[in-house]
Amino acid sequence: MTRQNLIPVNLREEGEKVEVEGQAGESAPNPVLIPLWDMANHVNGQITTGYNEAGQQVESLALGDYRKGEQIFIYYGNRTNADFLVHNGFVYPDNANSAVAIPLSLNPTEEQFEQRKQLLEKLGLASSGDFNVQRGGDSFISPELLGFARVFNMTKEQLGHWLGPDAVQSQLLEPDCPGLEASLKEKVWKYLSIRLQLALRMTGTTLDQDEALLANQGQKGAQKLGHIKSMLVQFRVVEKKILSEALELCKQKEVDKKEV
């Protein structure tokens, strides 16, 4: 488990001074396990636990009303299901922070590579890396993924415009980007649709197949997965649902030719 509770704990010799984020002090925040509290399960919400320095104690506020005998939940923080799977050992299907990372890269041999790279740098984006498709809202497409897709699909003239002194490059990360040509918008949605379809094909199974695999557990003749494999299939299901819903959005945008 790597959920970290940072609590000021003096683990040094008495009187020894330590540096805490550039300031001198007698104790430093240390990651610790908290009895009972660390046994609570996760639910969507917000972090309601903190360390009270005056009382020298950890205080946690309930996320809602609980009756006697009900299980108390806490919020582990803004983690994707990939984070939960690796660091906490579970998958949370209704995770509000679910996201799927898609690897994308500019072509370094392409004629406009340097211009594209320069514009991406102005947006604070890398020319190669992972970009998120995320759950929630009407977009699914993160600002970073949207900005990369727009720059990737620009013509030489469009790159020149957005690299010009009068352009506000940060607008390329906004859903409603003023001055974006209709032809570019259409190319962006087609590009994203193709990338999402490729991502869906990478696992070798469909969403329907994975859901049937989980639904048939315990039935005679069904493939037995076990706890760990079931969790991994559940992880695939969550990611494929996000990708599928994002793909439907992109296809609809292609048809409607609406702005992002």
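A: Let's begin with a term: a nonpolar core is a set of buried Ala, Val, Leu, Ile, Met, Phe, Trp, Tyr and Cys residues joined through side-chain atoms within 4.5 Å. Buried means under 20% relative accessible area, exposed means over 50%, and partly exposed is in between (1.4 Å probe, protein chains only). One caution: this is a predicted model, where local features need pLDDT of at least 70, side-chain atom pairs count only at pLDDT 80 or more, and totals for chains, interfaces and linings use all residues. Residues are numbered from 1 along each chain as its sequence is written, and side-chain values use heavy atoms, with hydrogens and water left out.

Q: How many residues does the largest nonpolar core have, and which have the most contacts inside it?
A: In soluble globular proteins, nonpolar side chains tend to be buried together. Here the largest core has 44 residues, and Leu119, Val133, Trp162, Leu172, Leu192, Leu196 and Leu243 have the most contacts inside it. Several elements each supply at least two of its residues, among them β9 (99-105), α2 (113-122), α5 (182-201) and α7 (226-256). The top giver is α7, with nine residues. Those labels are DSSP runs numbered from the N terminus: helices are H or I, at least four residues, and strands are E, at least two.

Q: What is leucine 172 in contact with?
A: Contact means heavy atoms within 4.5 Å. If you leave aside neighbours within four places in sequence, leucine 172 touches a list of residues including Leu119, Leu146, Val151, Trp162 and Leu180. There is also a second, separate core of seven residues, with Ala40, Ile74, Tyr76 and Phe84 among them.

Q: Which residues of helix α1 are buried?
A: In α1 (residues 81-88), they are Asn81, Phe84 and Asn88. They sit on the same side of α1 because they cover an arc of only 75° around the axis, the arc being that of the directions from the helix axis to the C-beta atoms. These buried residues pack against β5 (41-42) and α7. After α1 comes glycine 89, with a positive phi near 80°.

Q: Is asparagine 153 buried or exposed?
A: Asparagine 153 has 11% relative accessibility, so it counts as buried. You'll find asparagine 153 in the loop between α3 and α4. Beyond its neighbours within four places in sequence, asparagine 153 is in contact with Arg116, Gln158, Leu184, Lys187, Val188 and Tyr191.

Q: How many salt bridges does a search of the whole structure find?
A: Side chains of opposite charge can pair when their charged atoms come close. A salt bridge is a side-chain nitrogen of Lys or Arg within 4 Å of a carboxyl oxygen of Asp or Glu. The search turns up five. One of them joins arginine 116 and glutamate 110 (3.0 Å, N to O). Arginine 116 is buried, at 7% relative accessibility, whereas glutamate 110 is partly exposed, at 27%.

Q: Where do glutamate 186 and lysine 190 lie?
A: Both are in helix α5, four residues apart, about one turn of the helix.

Q: Which parts of the chain does the pair of aspartate 210 and arginine 236 link?
A: Their closest N and O atoms are 2.6 Å apart. The pair links distant parts of the chain, with aspartate 210 in helix α6 (residues 207-215) and arginine 236 in helix α7, 26 residues apart. Salt bridges that share partners join Asp210, Arg236 and Lys240 into one network.
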